[in-house]
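Points are grouped by topic for a reader new to it.

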Amino acid sequence: YAKGVTGSGIQHIYDVKSTEDGGYVVAGSFSGSLDVDGDGNVEWFKTFGTSQTEKFNSVDIASDGGYVVSGYDYGVNKEDAIVMKLDSSGNKVWKNTIGGSYEDEMRDAKVLSNGDIVTIGRFASLKLSINNIPIKRSGTGNNGYIICYDANGNYKWHKVIEGTGDIDVTSVTETSQGIAVAMNYLGTIYVDGNSITNAGNQ
């Protein structure tokens, strides 16, 4: 079968996960008015945001049956990166925001087997704060980051991926050895004293 989401503006679905009851949860963005599945079998539908630009890039399922979404919302004249915990009915439990003076975005969030939440993304702001820890952007383009929270949204640790050009950390997954991330970058990146130089354009 196929289900559609239509409306008067532009609609995007960026991520989908299967749920324990055999259903699915999707995350994305839309503009204008929205018509969600005319067959009437949507269990629940939630919107977050204002008249400005907001987007959910990812959704994952928490151990308590809730959900974790990540993306960005519109702060004071710029985009702020967000990660949000929802309960099983889609109601907000907590929300963490990271933002500076320019566009910052969370691209993915993964619920780990121990219940922790790892988020990844990019920031264009010259400086910002992660759990009151000041961070300065290096190079001429976006820097990447990895942030870990516990199941209640409390900060645990972070890593900043610096470089000479644009860095966009796009996805994260859990492995038997820890976590693995994927990214696009220009020039050279630096992680924990190691450097990798791009041989092509990106």
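Glu162 stands opposite Tyr190 in strand β17. Strand β14 (residues 155-163) and strand β17 (residues 188-191) run antiparallel and are joined by two bridges. The model is predicted.

**The six-stranded sheet**

- Strands β14 and β17 belong to an open sheet of six strands, whose order is β9-β10-β13-β14-β17-β18 and whose pairing is antiparallel.
- At the edges are β9 (104-111) and β18 (194-197), each of which pairs on one side only.
- From one strand to the next, the twist averages 20°.
- In general, strands of a sheet pair through backbone hydrogen bonds, either parallel or antiparallel.

**Residues with positive phi**

- Asp192 lies in the loop between β17 and β18.
- Although Asp192 is not a glycine, its phi is positive, at about 50°.
- Asp192 has a relative accessible area of 58% and is therefore exposed, the cut-off for exposed being over 50%.
- Asn132 is likewise not a glycine, yet has a positive phi of about 65°.
- The loop between β11 (127-130) and β12 (133-136) holds Asn132.
- With a relative accessible area of 72%, Asn132 is exposed.

**A nonpolar surface patch**

- Ile13, Val16, Tyr24 and Val26 make a nonpolar surface patch of about 400 Å².
- The elements that contribute two or more residues to this patch are β2 (11-18) and β3 (24-30).
- Ile13, one of the patch residues, is located in strand β2.
- Ile13 counts as exposed because its relative accessibility is 52%, and exposed means over 50%.

Key. Residues are numbered from 1 along each chain as its sequence is written. This is a predicted model: local features need pLDDT of at least 70, side-chain atom pairs count only at pLDDT 80 or more; totals for chains, interfaces and linings use all residues. Side-chain values use heavy atoms; hydrogens and water are left out. Two strands pair if DSSP finds at least two bridges between them. Helices (H or I, at least four residues) and strands (E, at least two) are DSSP runs, numbered from the N terminus. Axes are lines fitted to C-alpha atoms, for helices over the stretch in contact, and angles run from 0 to 180 degrees between N-to-C directions. Patches are made of residues with over 30% relative accessible area and no salt bridge: like charges are joined within 9 Å, nonpolar side chains (Val, Leu, Ile, Met, Phe, Trp, Tyr) within 5 Å. Accessible areas come from the Shrake-Rupley method with a 1.4 Å probe; for residues, only the protein chains shown count as cover. A salt bridge is a side-chain nitrogen of Lys or Arg within 4 Å of a carboxyl oxygen of Asp or Glu. Buried means under 20% relative accessible area, exposed over 50%, partly exposed in between (1.4 Å probe, protein chains only).
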